[in-house]
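Hi there,

Here is the structure I promised to pass on to you.

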Amino acid sequence: MAVAAAWLRRGAWGPARRCGLAAARSYSGGGSYPGVPLTCPLPGVPKAVFAAAEGRERFETRVTVLENGLRVASQNKFGQFCTVGLLVSSGSRHEAKYPSGIAHFLEKLAFSSTAQFSSKDEILLTLEKHGGICDCQASRDTIMYAVSADAKGLDTVVNLLADVTLRPRLSDEEIEMTRMAIRFELEDLDMRPDPEPLLTEMIHAAAYRENTVGLKRFCPVENTDKIDREVLHSYLRNYYTPDRMVLAGVGIEHEQLVACARSYLLGAEPVWGSARSRDVDRSVAQYTGGIVKVEKDMSDVSPGPTPIPELTHIMIGLESCSFLEEDFIPFAVLNMMMGGGGSFSAGGPGKGMFTRLYLNVLNRHHWMYNATSYHHSYEDTGLLCIHASADPKQVREMVEIITREFILMAGAIGEVELERAKTQLKSMLMMNLESRPVIFEDVGRQVLATNTRKLPHELCALISKVKSTDIKRVVTKMLHKKPAVAALGDLTDLPTYEHIQEALCSKDGRLPRLYRLFR
């Protein structure tokens with residue numbers, strides 16, 4: 001401001017005259033620059049950068065495949081910060097020939113010391129210079145290393161990601177610390193009042209017994225001592241190869257990201273050597289159906305002045321489809337139509353108060369604490385399931401209510417109900433894709449699976465085309481499969497697996513009647 005004031009005092013009015021002296025004289029408002037039109041740039045003030053409405057091609061995901069097979073994908077997004085990361089087609093589903101839990105170990109070991117960085121602290125300090133944060137997430141089929149930082153630090157970020165992914169030290173001390181962290185996490189999972197992560201593990205184990213996505217995502221306690229540097233290197237040699245990786249970025253120029261990928265990831269020598277992978281598991285998921293039961297005392301899960309009552313948790317699932325199939329969109333609409341949640345959920349229609357599991361289950365049966373629909377989808381299979389919680393004495397009735405809802409899925413679907421579900425799904429999709437890290441994950445996962453990306457408006461168009469006949473078709477196909485059942489808690493009154501299967505094959509979803517001589 002001082003520079004601008006001095007400029008005005010010296011009478012340097014040349015630029016003002018060029019911008020229009022008449023406009024300057026007509027200005028009668030107050031302020032620091034009387035007589036200067038708004039069309040003139042102010043002296044000493046940096047030039048403003050504005051977001052412009054550019055062509056649609058600027059917002060399409062661009063993909064480049066490098067000579068070593070690595071895919072580089074970027075999505076332009078206005079802003080100072082970017083999110084960049086490496087996604088690897090690797091996860092617990094690929095551990096058939098290894099001790100289960102390797103992906104869990106790699107998730108915990110991420111962003112530890114590398115060939116270039118002596119410790120995790122040094123990595124964090126390097127990122128701090130660019131206002132950056134880092135994270136690693138492992139799922140059943142993907143491991144994702146991600147960094148959000150100032151776009152000016154892209155070179156440093158890609159260098160760091162390459163080092164973290166291809167040249168981790170995996171020191172004895174770090175591996176021992178990871179063992180301790182995993183043991184603590186497993187204890188915490190067992191004590192947590194919300195059993196959803198455990199039930200998700202159990203339903204996958206029941207649906208895909210001993211294969212691919214049915215393998216354990218969390219490292220079993222007995223395997224923590226079996227996994228060492230040699231085992232990790234053996235796994236990394238097979239699965240951390242360029243053709244199984246995608247470098248994705250949101251908020252940066254594509255050419256700049258490709259240049260950084262060529263500098264740090266093209267021809268990079270990993271710490272485990274460049275021997276060709278031999279034992280890559282390319283198994284396709286085999287849906288088996290079945291039941292996994294865990295008898296557990298849930299009475300003391302939540303101690304305190306207002307403890308959660310003792311509950312039994314049931315999850316029933318049926319095979320749906322992979323996210324590569326056309327039926328994936330109808331299944332997504334169906335999942336949104338079922339909705340549900342906890343009996344104490346707050347909110348209006350946006351929270352799903354008009355979904356079937358709210359209207360038909362939670363509103364009518366006050367003793368049910370939870371009824372929620374989930375849809376897990378992978379490259380070669382999918383699983384639609386309903387999780388329900390109630391008092392152990394009412395388990396049988398709860399199971400019958402859930403099986404009835406599965407049968408009703410194939411019944412009449414109101415036009416208003418269907419349109420509401422489609423609108424909610426589109427709304428949720430667009431709202432989530434306002435977040436840069438979510439766009440990054442969407443870009444990375446889609447390119448990893450299909451080498452391309454469907455844009456939000458394309459997905460919305462597909463959602464709009466879904467009809468009630470599509471929902472009935474996919475449900476009828478789904479109901480012909482064997483169910484997968486996971487049960488946790490006091491299971492004294494749990495119906496047999498055969499009875500649950502019989503209910504899902506019936507017209508009304510009712511369990512076979514039990515006749516007891518003594519009650």
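At 30% relative accessibility, Lys481 counts as partly exposed; buried means under 20% relative accessible area, exposed over 50%, and partly exposed in between, using a 1.4 Å probe and protein chains only. Before going on, a word on the source: this is a predicted model, where local features need pLDDT of at least 70 and side-chain atom pairs count only at pLDDT 80 or more, while totals for chains, interfaces and linings use all residues. Residues are numbered from 1 along each chain as its sequence is written, and side-chain values use heavy atoms, with hydrogens and water left out.

Back to Lys481: which residue does Lys481 form a salt bridge with? The partner is Glu319, with the closest N and O atoms 3.0 Å apart. (A salt bridge is a side-chain nitrogen of Lys or Arg within 4 Å of a carboxyl oxygen of Asp or Glu.) Lys481 sits in the loop between α16 (468-478) and β12 (484-489) and Glu319 in strand β8 (residues 312-319), so the pair ties together parts that are 162 residues apart in sequence. The helices and strands here are DSSP runs, numbered from the N terminus: helices are H or I with at least four residues, strands are E with at least two. Glu319 is buried, at a relative accessible area of 15%.

Arg513 and Glu400 make another salt bridge, and their closest N and O atoms are 2.4 Å apart. This pair links distant parts of the chain, with Arg513 in the segment after α17 (497-505) and Glu400 in helix α12 (residues 395-408), 113 residues apart. Arg513 is partly exposed at 48% relative accessibility, whereas Glu400 is buried at 9% relative accessible area. Both belong to a network of salt bridges that also takes in Arg404, Asp508 and Arg510.

Then there is Asp442, which meets Arg453 in a salt bridge of 2.8 Å, N to O. Asp442 and Arg453 are both buried. The structure holds 23 salt bridges.

**The open sheet**

How many strands form the open sheet? There are 6, in the order β1-β2-β6-β3-β5-β4, and the pairing is mixed. Two strands pair if DSSP finds at least two bridges between them. At the edges are β1 (62-65) and β4, each pairing on one side only.

Inside the sheet, β1 and β2 run antiparallel and are joined by 4 bridges, with Val63 standing opposite Ala73.

**Helix α3 and strand β4**

In α3, 7 of the 8 residues are buried, so the helix is largely enclosed by the rest of the structure. Those buried residues pack against β4, β5 (143-150), α6 (172-191) and α8 (229-239); contact means heavy atoms within 4.5 Å.

One to look at is Glu107, which lies in α3 (residues 102-109). Glu107 is buried yet has no salt bridge, and the nearest side chain of opposite charge, Arg217, is 4.5 Å away. For charges, Lys and Arg count as positive and Asp and Glu as negative, with His and the chain ends not counted. Leaving aside neighbours within four places in sequence, Glu107 touches Cys136, Gln137 and Ala138.

Over in strand β4 (residues 133-138) you will find Asp135, which is partly exposed at 40% relative accessible area. Not counting residues up to four places away in sequence, Asp135 touches Phe111, Met144, Tyr145 and Ala146.

**The whole protein**

Zooming out, the protein has 17 helices and 12 strands, and of its 519 residues 50% count as buried.

Enjoy exploring!
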